[in-house]
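Hi,

Here's the structure I promised to pass along.

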Amino acid sequence: MASIFTGEVIGFLAGGLALGAGLTVLLLSSRRKKKTPEELEAQRRAWLSTYGKLGGGEILEVQDDRISFLYGVRGVTYNTSQDITDLQDYLPVDRWSIVGGVGVRYDPRNPANSVVISEKWTGLRQQPGTAGKKGAVSLPRDKRP
């Protein structure tokens, strides 16, 4: 009696199973909620706050929704800015008081990827006369850059 499971039939079955698994993975990944640009930016800030290398920099300008700063890594000077739209509560009332020296967290593999403030970390220094005021930035002494 001949078996119905010839090499050709087994090949078709394996191909069908692989195709079905691939379609299932594709369907599940397309149904997964895509992250918004705001969620991706918050995730980037959180990663840099935790794993970024700490360096020194200087805030040059403060606008309503942006901090412009520069810093150097291995002889290269980076002049960049950070969107602070979602971080307004972490800034002092007098925004111009933060201009000057600042700590910068950057990705050592991509030093252009950097932050000066996030939800979990700040490179801003306590400004004289802001202690205890709403919006004042204060870090424990051992956490200051």
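Strand β1 (residues 53-62) and β4 run antiparallel, joined by seven bridges. One of the pairs is K53, whose bridge partner in β4 is Y106. Do keep in mind that this is a predicted model.

On to the other partner of β4: three bridges tie it to strand β5 (residues 110-115), and these two strands run antiparallel as well. Y106 turns up again here, standing opposite S114 in β5. D107, for its part, stands opposite N110 in β5. With two residues between them, β4 and β5 make a hairpin.

Now the whole sheet. It is an open one built from five strands in the order β3-β2-β1-β4-β5, with antiparallel pairing. The edges are taken by β3 (76-83) and β5, each of which has a single partner strand, so one side of each has no neighbour in the sheet. From one strand to the next the twist averages 45 degrees. As a reminder, strands of a sheet pair through backbone hydrogen bonds, either parallel or antiparallel.

What lies across the strands? Helix α2 (residues 37-51) lies across β1, β3, β4 and β5, and α2 runs at about 105 degrees to β5.

Last one: why is β4 largely enclosed by the rest of the structure? Buried here means under 20% relative accessible area. Seven of the eight residues of β4 (residues 100-107) are buried, so the strand is largely enclosed.

Cheers

Conventions
Residues numbered from 1 in each chain as written. Predicted model: local features only at pLDDT ≥ 70, side-chain atom pairs only at ≥ 80, totals over all residues. Heavy atoms only, no water. Buried < 20%, exposed > 50% of the residue type's maximum accessible area, 1.4 Å probe, protein only. Helix = DSSP H or I, 4+ residues; strand = E, 2+ residues; numbered from the N terminus. Pairing = 2+ DSSP bridges. Axes fitted to C-alpha atoms, helices over the stretch in contact; angles between N-to-C directions. Contact = heavy atoms within 4.5 Å.
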